[in-house]
Amino acid sequence: MLSAEENARLTQVGPGTPIGELLRRYWHPIAAVGQLDEKPVMPVKLLGEELVLYRDRSGTLGLIDRYCPHRRANMVLGIPEEEGLRCPYHGWRFNETGKCVEQPAEPRPFGDRVKMTSYPVREACGAVWAYLGPAPVPELPMWDLMTWENADHEIGFIHIPCNWLQSMENCADTMHFPILHGNFHDYVLERLGRPDLKKRLWRPGDPEEDRMIGINEHDYEVNDRGILIRYTQANKTKDDPDWRIGRQVAFPTVERAVNDLEIRVPIDDTHMMYFCVRAHWLPPGEKSKQDKTKIPYFEVPYALDSNNNIDWSVLDGNGMQDNVIWGSMGPIVDRSKEMLGDSDRSILLYRRLLKEQAELVAEGKDPMNVFRDPEQANCIYLAAPEEEDYWEFQQTQQISRNRSFNKYSPIARKRVVELFGEDALKGPIY
Ligand code: FES
Ligand SMILES: [Fe+2]
C-alpha cells in the first residue's frame, strides 16, 4: 500500500529524517530510574544516536555521547565522579552539559573548546526521560496516570528487534484482540499443556461470545491528543451503554490502556523498546505509601530468537503476544507488499496523522502534544474508563490470566497473593 520510498520515510528515525525530526520534538523514556542504582553508567540508544546515561556521585543525571571526543574511548567504561563522568582512557571529565571540565594529561588544557553532545534528561514516575530535539526544550508531559496518588506505580519494559512503527500501528488495530489474544492465546495454552486455562475461542459470527470485540463495533476518531478508540463487546451495538472508550493513542508514541501507559521508544530504525508505566489502583480513598523516587521495575523476556525458535512459555499474556507479533514481522515491515482491508482503516488514520504532523515540523511549527505551559503539562487527561471502575476492574480482570505483563510484575503477583492467597500463584496468572 505504500511505496518503498514512503515506507522508508515513515520508518526512519535518524537525525535529519522527517520522522526522526518529528520524534525529536518529544520526551522519550530511556531507562527505569532503579536501573541506575545497579548500573550508574548505562549504554543508551535513542533515535539512532549512541549515548551514555550516567548518574554522578552528587546524584546529577547526564546523557552524553557514547564516545569520548579525545580519542573515542567508550564512555560506558567511564568513572562517575562528584561532578560528571571521567573518560577511563586519559581522564577527560565531562559534566551533564557535555562541557569538558578537566584534562589531567594536558599541560595546556583546552576543555573550553571541547563540547561533547549532551541532551537534557528528567526523572518522573520511576523513569528517566530524554529530549533530543532543538531548543526551547518543551515541558515533560505528566500523563494522568503518572500523577495518581491512589495507585502503586511500576515500570515494565521489553526490547524488541523491530522498527517502532509496526508496534505503534498495533495500538489502533482493535481487530487483532479477538484473534491474537483469543484464538492464538488458546493455542499457546495448548502448546504449554494447559488447555484447562483456555479462554473460550472466538469464532466469526458467534453471537453468544460476550468477552470479545465485535467485528463491526469499533470506531476511531482523531481528537486533540491523537486517536480515540471506542469499542463494545461482540454481541452489543453502539447504542448499548457498554459502548465505551477503549484506548486513547496520545500521538506519537503513547497509548493509554486501562492502567498502563504503553510507550513505544524508537531505539533506531530496526530496534525499539516497549516501555510501560503501570498504575495498580488501591481501594477507593486510599493513598499510596510507595516512595515515588524508588518505583520498582521489571524486564519482560522476548519470545522469538534470531533463528525463529519460539519460547512458548513467554507467550501466555496479551503484552507478550503483541510484542512477539511486532518483532515477527521483521526489522522493518515492507509496506509495499501489504494488503489492507476495510478493517485496517485505523492504521491509515495513524499514518495520515504521522505525515501531517511531520509536515508541521518541517514548517517550523510545534506538532501535536508538545507542551510549553508547565501547568498544562502537570497532569494531562487521557480518555479512559471512569476512575470508580478501576478498583473493581483490577479485582476482576487485571489480576486475571490475560492482563499484559502481570506474569512478570512483582506488584501484580503480590496483589494476587494478598487477595487470593499463595495458592493463586499456582493458578492462572499470566
Ligand atoms: S579517549 Fe577519552 S580522554 Fe582520551
Ligand atoms: Fe494486543
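The secondary structure of the predicted chain comprises 10 helices and 19 strands, where helices (H or I, at least four residues) and strands (E, at least two) are DSSP runs numbered from the N terminus. The model is a predicted one, in which local features need pLDDT of at least 70 and side-chain atom pairs count only at pLDDT 80 or more, while totals for chains, interfaces and linings use all residues. Residues are numbered from 1 along each chain as its sequence is written, and chains are lettered from A and ligands numbered from 1 in the order in which they are written.

Of the 430 residues of the chain, 40% count as buried. A residue is buried if 20 or more other C-beta atoms lie within 10 Å of its own, exposed if 12 or fewer, and partly exposed in between, with C-beta atoms placed from the backbone. Among contacts (C-beta atoms, placed from the backbone, within 7 Å) between residues at least 6 apart in sequence, 61% join residues at least 24 apart.

The largest nonpolar core contains 90 residues, and L53 and A130 have the most contacts inside it. Such a core is a set of buried Ala, Val, Leu, Ile, Met, Phe, Trp, Tyr and Cys residues joined through C-beta atoms within 7 Å. Strand β18 (residues 271-281) supplies the largest share of this core, eight residues. The core lies between domain 1 (35-125) and domain 2 (144-386), because both give residues to it; the domain bounds come from an automatic or database domain assignment. With neighbours within four places in sequence left aside, A130 is in contact with W27, H28, I30, L46, L63, Y119 and V121.

I267 is located in strand β17 (residues 260-268) and counts as buried because it has 23 C-beta neighbours inside 10 Å. Outside the four places in sequence on either side, the contacts of I267 are K45, L46, M272 and M273. The C-alpha atoms of I267 and P161 are 9.6 Å apart in space, with the two residues 106 apart in sequence.

In helix α10 (residues 410-420), the residues A412, R415 and V416 are buried. These residues cover an arc of only 105° around the axis and therefore lie on the same side of α10, the arc being that of the directions from the helix axis to the C-beta atoms. Strand β18 is included in what covers the buried residues of α10. Exposed residues P410, K414 and E418 are carried by the face of α10 turned away from its buried side. Just after α10, G421 adopts a positive phi of about 90°.

How values were computed: Contact = placed C-beta atoms within 7 Å.
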